[in-house]
Amino acid sequence: MQAEMETAVGACKAAGAFLREGLGRAKNIQHKGEINLVTVMDRECEATIVRIIREAFPDDDILAEEGSTGRRGAPRLWVVDPLDGTTNYAHNYPVFAVSIALLVEGESVLGAVYDPMRDELFTAQKGGGARLGQAPIRVSDTPCVNTSLLGTGFPYDLRQKPRLLLEHFGRFLFKAQALRRDGSAALNLCYVAAGRFDGFWETGIYPWDLAAGALIIQEAGGRVTDYRGRPFDPFSGEILASNGLIHKEMVEILEE
Ligand code: IPD
Ligand code: CA
Ligand code: CA
């Protein structure tokens with residue numbers, strides 16, 4: 001998988017540099033939904049990433065958020081979020097990332113998430129551990145929710161489908177040491193992997209937000225499931241991620 005990793009990292013860094021340089025400039029912001037934005041930067045980054053992957057692996061399929069690709073039933077599928085944190089980006093809030101995963105027969109085997117503002121590259125290969133740059137990373141050893149720092153996100157369809165969002169947020173707010181919501185799910189998952197967050201939950205979310213970060217967490221010794229603790233599926237629209245130690249407690253809090 002060395003060539004695949006080099007391709008993923010090269011594509012992340014090319015798009016990341018473009019995003020870093022473009023932050024703060026006017027950017028043709030459009031609405032995909034009531035509160036779901038897309039900028040010309042999302043589309044240009046996606047075009048760059050897709051071109052790099054296609055050049056290296058023309059037989060593979062690509063699923064990218066802004067829809068510039070089609071699937072032909074190939075066994076290998078690249079899952080791409082060219083800009084995770086578009087709302088932040090559109091407001092010049094410097095928290096966003098590029099996320100690329102490779103799935104083989106539906107299983108994530110490689111993930112790369114790049115934060116261009118901090119020049120932090122998180123990577124993992126199935127069975128090969130997780131890294132920040134060259135250094136191996138591990139989840140935290142926080143033993144309980146009471147002493148944990150947790151992250152979450154709110155989906156774009158929250159006005160149409162309020163779900164239990166506030167209920168879950170309220171429960172964790174009073175049970176955790178602190179909560180954060182800073183608008184880049186892919187980066188938040190890497191923060192769980194690196195031990196900066198102890199857990200993360202979000203529903204109404206997409207495979208391009210999740211596929212790379214979830215593998216990076218697993219390879220860093222953490223756990224990813226759905227809200228009920230069942231096996232994780234990047235296409236399920238839901239994730240509960242943690243250092244493993246607080247996972248059962250988080251499931252119980254979500255189920256209360
Ligand atoms: C969004 C961000 C956000 C999360 C949303 C995602 P985008 O991705 O990851 O943190 O709460 O559910 O859709 O649209 O910025 O790529
Ligand atoms: Ca995203
Ligand atoms: Ca995006």
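Colleague: Which element gives the most to the lining of the second largest pocket?
Modeller: That would be β7, with four residues. Keep in mind that this is a predicted model.
Colleague: And which elements give two or more residues to that lining?
Modeller: Those are α1 (2-22) and β7 (120-125).
Colleague: Which residues line the second largest pocket, then?
Modeller: Met5, Val9, Leu121, Thr123, Ala124, Gln125, Gly128, Gly129, Arg131, Gly133 and Gln134. By class, the lining has four nonpolar, six polar and one charged residues.
Colleague: What volume does the second largest pocket have?
Modeller: About 200 Å³.
Colleague: Switching over, how much space lies in the largest pocket?
Modeller: About 480 Å³. The largest pocket is lined by 33 residues, and the closest to its centre are Thr87, Phe154, Tyr156, Arg181 and Gly183.
Colleague: How do the residues of that lining divide by class?
Modeller: For the largest pocket, there are 12 nonpolar, 12 polar and nine charged residues.
Colleague: Which elements each supply at least two residues there?
Modeller: In the largest pocket, those are strand β4 (76-84) and the helices α3 (86-90), α5 (185-193) and α6 (207-219).
Colleague: Which domains does the lining of the largest pocket draw at least three residues from?
Modeller: Domain 1 (2-136) and domain 2 (145-255) each give at least three residues to the lining of the largest pocket.

Technical notes:
Residues numbered from 1 in each chain as written. Chains lettered and ligands numbered in written order. Predicted model: local features only at pLDDT ≥ 70, side-chain atom pairs only at ≥ 80, totals over all residues. Heavy atoms only, no water. 1 Å grid on protein atoms, 1.4 Å probe; cavity = no way out; pocket = protein on both sides within 12 Å on 5 of 7 lines; lining within 4 Å. Points joined across faces, edges and corners; volume = space filled by probe spheres on them. Nonpolar A, V, L, I, M, F, W, Y, C, P; charged D, E, K, R; others polar. Domains from an automatic or database assignment.
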